[in-house]
Number of protein chains: 4
Amino acid sequence: MKNKFTGKKINGIYTDMALEARELHPDLPGIVEQKESIDGIEISRITIQDEASGQQIGKLPGQYITIDAPNLITRDPELFKKVSQQISKEVVALLTNISAESTVLVVGLGNRYVTPDSLGPRVIEKVYVTRHITNYLPKGTIDMALKSVCALAPGVLGVTGIETYDIVEGLVANLKPDAVILIDSLASRRAARINTSIQITDTGISPGSGVGNTRADLSQKGLGVPTIAIGVPMVVFASTIAQDTIHLIANKTGLHSDEEKLVQLAQEVISESMGEFIVTPKDIDSIINDMAQIIAEGINFALHGENTETLGEILS
Amino acid sequence: MKNKFTGKKINGIYTDMALEARELHPDLPGIVEQKESIDGIEISRITIQDEASGQQIGKLPGQYITIDAPNLITRDPELFKKVSQQISKEVVALLTNISAESTVLVVGLGNRYVTPDSLGPRVIEKVYVTRHITNYLPKGTIDMALKSVCALAPGVLGVTGIETYDIVEGLVANLKPDAVILIDSLASRRAARINTSIQITDTGISPGSGVGNTRADLSQKGLGVPTIAIGVPMVVFASTIAQDTIHLIANKTGLHSDEEKLVQLAQEVISESMGEFIVTPKDIDSIINDMAQIIAEGINFALHGENTETLGEILS
Amino acid sequence: MKNKFTGKKINGIYTDMALEARELHPDLPGIVEQKESIDGIEISRITIQDEASGQQIGKLPGQYITIDAPNLITRDPELFKKVSQQISKEVVALLTNISAESTVLVVGLGNRYVTPDSLGPRVIEKVYVTRHITNYLPKGTIDMALKSVCALAPGVLGVTGIETYDIVEGLVANLKPDAVILIDSLASRRAARINTSIQITDTGISPGSGVGNTRADLSQKGLGVPTIAIGVPMVVFASTIAQDTIHLIANKTGLHSDEEKLVQLAQEVISESMGEFIVTPKDIDSIINDMAQIIAEGINFALHGENTETLGEILS
Amino acid sequence: MKNKFTGKKINGIYTDMALEARELHPDLPGIVEQKESIDGIEISRITIQDEASGQQIGKLPGQYITIDAPNLITRDPELFKKVSQQISKEVVALLTNISAESTVLVVGLGNRYVTPDSLGPRVIEKVYVTRHITNYLPKGTIDMALKSVCALAPGVLGVTGIETYDIVEGLVANLKPDAVILIDSLASRRAARINTSIQITDTGISPGSGVGNTRADLSQKGLGVPTIAIGVPMVVFASTIAQDTIHLIANKTGLHSDEEKLVQLAQEVISESMGEFIVTPKDIDSIINDMAQIIAEGINFALHGENTETLGEILS
């Protein structure tokens, strides 16, 4: 009840990533992918063209950009910087309605006290907030044209008893921001993607996985303003590991014809014993801090441009 | 900018407590006080009868109950329990419109990462939240008649860029609770009151100290539902210590006639060097945890009554 | 480098638990097991009779008591208490040389800031320390006959640059305690055992898995005083999940004869991609706190007996 | 019992700083002071020539360097850097016996969970530890000539039941470092000095304030190796504020002759009510992090010189 990694499965495999959902069904109509490689970073751009197409893989229609940088595990500061800059570019490209005077609300989803779910709240701590300066200090206090940025970590339903939507929607109604940026931890189906992939989408986040109740979606439809989401895989379900092992064996042994039966067999055992277990890197506590920094820098530069460094000195 | 202890002063002395404001002006019309002593606990009940009376001491009209238990510093578990029960009784007495089916929103004001300002967020962590059970679980999952309690720590303006009012008001509009309970750290003028006094009021909290802009008040007027506030002194301003020393000397030396001049002299020096300093107990980190526990237990019992213990086992 | 879960494997499977090591080789000579069931708790008592027997499963000779209480996942306070009491009994039974005047050093191994490795430091925070009272306060300050208990969390090599042995041995040389109790997180081969099994042993902890350099062992041999260790499984390696899936398939499909080949096949892929990944419960952050409380209560009662409750009120 | 700010007073005023102790007695024989001003930083170098001279102000004989940079409160990154570099220079100048192959032990005194006492443990988290690399990795793993640096935060007597001396001495006996660097929070008599002064001394730290039991001193005498201490004022006792107010009034009113009587009068009240209260900046939680960073950088550069930046990238 305290954890939100409880989404829908496709072929028994759970993933929050459009890229992985498409890998499982590479030939679906209405879903288009472009790939690009820039300076050691792989970028995939998937467009889901309409709602019907999206429902095939449980995603809302829109753009899904995935930045893949496997070498992030080497913790190379230069690569950290490159990835931040790429995030910044993609955010700017998606937020087409933003001008120098805009107000942007950044929302860090997840539970600060559950490590793999704490990415959102950690990013919020590092985002340069300026709305209290632009709105409450006398004009001229700061000698820069500043966007009005505010940030909130609303907590999770199991802890607050409140749906995130009810907090964010109420705030959007009062603050009337020009855009909302959501940050969240994702579940992936590949352990290798943890902390090395970033998904950016203009669809926001749909707690119900694209089906039904659009009112409660954290999306442009649900909130009334452009809403983008930045997510990073932080967990793989233990059951996914078991399933990947089975696929592997089926491939290697030529038992392919029996695969479905094998999956079914394993499923029983797995669902009983492993439903509550997740796979994470041993050093999740430190890598989630790195990633929070990378994303916050991307957002800061996207919103504050050349003022970013000066703001860092004033606000830190 | 990151700290909210920036209120108005009376005779150069800052206090958030109605009890202390009245001590400085014991004979004002329209302000009535009753005292009571129960089992080692002193209780003061001040009623400010109208707005004009309140403005004399910078407080909104309403009831202010102060529970004083100096022996809390001995950390006696029995006394902790007594104080929790008294808080519970006072909360029940103020929330006259609450029934078994009600929804109550508890809001922990203050900054989790500034120790003396972290009381509110710490209480929130210990309040028994049930709204996700009453609203989202199938009827009958839990075999108790439960009030629907939810809880939020919205952060502070200097960190989020958002006025607390805008978060709470938006949430009240969406959740339509029957009452709001606010928790906050207070500034006092007596170091001895830190962590040993609790003020409970039906006036809510007015960031602008009772003057003017009622729309932004965290009060029944501002939020549209009954709103009570529970506050505990956690800091004394260093300048207050200096002033109290001067009063003391004036009294002891018979220099009374010169007191005003002395105060003025000291003021100059104090205002320069001590504006940013506060006085706290050495062990503030642990006593604030005790007090958070005492208040949370008071609220839990006020809202969940005989279900409290069972809920504690289920939710902890 | 920052993580200590890097022990030896048996048949490609890593475990810190004598119980599991024996399950893989149930018929080895010189290793004896007794089982007992008390009130919903399963207790296994394994005796490794000599060094040669121990080397077969990579463990030092001595006693290994495993308390299994699968229902701990229901968080039943009554069961928490029963398990604490059983731990207390076992600790008392192993520390035969302790009297009312003894000094006991409790050492919490592991890294406070890596959640699944933080059990030891968290237990230390909850152990009732009395040595500063018995040694430095005037006689008669406290009206109880108290053992002299002290506690340290020495950190891990990757963070301090110091082997734990060098800190603990130096301290034992200066304090001359009558016994040492070590607390540590363990790796298991069954996810279901996480947080529901407790292993208590009189062999201490051997970083090198029972082979070779006895000087650096945290054991009676290495430290010169009786040294017991209390450990709880907190992680399973992701590669273990993969292997268990293979065993399962082999059993269910009758492919038993090919199992070794399958294991080999899978091994390649697993070792590349999953070496750094662990399996943990989603709510590891909260369950590790429960277990720290259970173990600390067991130790407190073992060392302070009927004074425990009074000490709790004085020291908390 | 959990707090170490319990030192001796001079003329009723408590201070850990040689500079302040001397200000109270500027003309004592055997105590020499030189002042210097470099680039916005004031540096005082006090030499206490022998034990008898030291006992007059409760300090051990040796050198006390105080770096004063009041503008640190503006949080100017350039000034942070300058102060780090000055600390680095002073540390290098005091540690005359250190060579490229040396082992240095850094010890962070104080309680991690009592904010104003947490400077030492916080510095330890930021010091670049290399001993596990130089001692345990194969030669040539890292392509630099590295000093062997290790670091420990031993906790405080009230929490561990162990005197810091017993932990550090045991460790020095086992590791045989060439020098020890201690970090600690200090008490000052001027609130303005909090977080803006740094005291560096080659006398180590004497829990008993220079009197008597040299065996338990964290000093070259007590530990057998050169031992320097770096301290920063983090608290002022509330009673000091009261006293300074009295001095001020005495000066301004010409009541100078009565000062002693005034002090005595005030003392009574103060000692009753304010013994346990301290004065800190409102934003102590964030400024202590700044200062930990400044000191850690100073130590890192003093010990690792030109390798510092590369190490930062490898170890962070």
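This is a predicted model: local features need pLDDT of at least 70, side-chain atom pairs count only at pLDDT 80 or more; totals for chains, interfaces and linings use all residues.
Residues are numbered from 1 along each chain as its sequence is written, chains are lettered from A and ligands numbered from 1 in the order in which they are written, and side-chain values use heavy atoms, with hydrogens and water left out.

Let me begin with chain A as a whole. Chain A has twelve helices and eleven strands, where helices (H or I, at least four residues) and strands (E, at least two) are DSSP runs numbered from the N terminus. Of its 316 residues, 59% count as buried; buried means under 20% relative accessible area, exposed means over 50%, and partly exposed is in between, with a 1.4 Å probe and protein chains only. If we take the contacts in chain A with a separation of 6 or more, residues 24 or more positions apart account for 74% of them, contact meaning heavy atoms within 4.5 Å.

Now to the helix packing. In chain A, the axes of helix H3 (residues 77–94) and helix H11 (residues 284–304) come within 8 Å and cross at roughly 45 degrees, which makes H3(A) oblique to H11(A). The axes are lines fitted to C-alpha atoms, for helices over the stretch in contact, and the angles run from 0 to 180 degrees between N-to-C directions. As for the classes, angles under 35 degrees count as roughly parallel, over 145 as roughly antiparallel, 65 to 115 as roughly perpendicular, and the rest as oblique.

In chain B, the axes of H3 (residues 77–94) and H11 (residues 284–304) come within 8 Å and cross at roughly 45 degrees, and H3(B) passes H11(B) in a right-handed crossing.

Let me turn to charge pairs. Side chains of opposite charge can pair when their charged atoms come close. Over all chains, the structure holds 44 salt bridges, a salt bridge being a side-chain nitrogen of Lys or Arg within 4 Å of a carboxyl oxygen of Asp or Glu. One of them joins Arg193(A) and Asp68(A), at 3.9 Å from N to O. Arg193(A) sits in the loop between strand S8 (179–188) and strand S9 (197–201), and Asp68(A) in strand S5 (residues 62–68), so that this pair links parts of chain A that are 125 residues apart.

In chain D, Arg45(D) and Glu90(D) meet in a salt bridge at 2.9 Å, N to O. Arg45(D) lies in strand S4 (residues 41–48) and Glu90(D) in helix H3 (residues 77–94), so the pair ties together parts that are 45 residues apart in sequence. Arg45(D) is partly exposed, with a relative accessible area of 24%, while Glu90(D), at 5% relative accessibility, counts as buried. Arg75(D) forms a salt bridge with Asp290(D), their closest N and O atoms being 2.8 Å apart.

Met234(D) is placed in strand S10 (residues 227–237) of chain D, and at 0% relative accessibility it counts as buried. Leaving aside neighbours within four places in sequence, Met234(D) is in contact with residues including Pro116(D), Leu186(D) and Met291(D). Thr160(A), in helix H6 (residues 157–160) of chain A, counts as buried at 6% relative accessibility. Not counting residues up to four places away in sequence, Thr160(A) touches Pro154(A) and Gly155(A), together with Val129(B), Cys150(B), Ala151(B) and Leu152(B).

Technical notes:
A crossing is left-handed if the near helix is turned anticlockwise from the far one by less than a right angle, and right-handed if clockwise.
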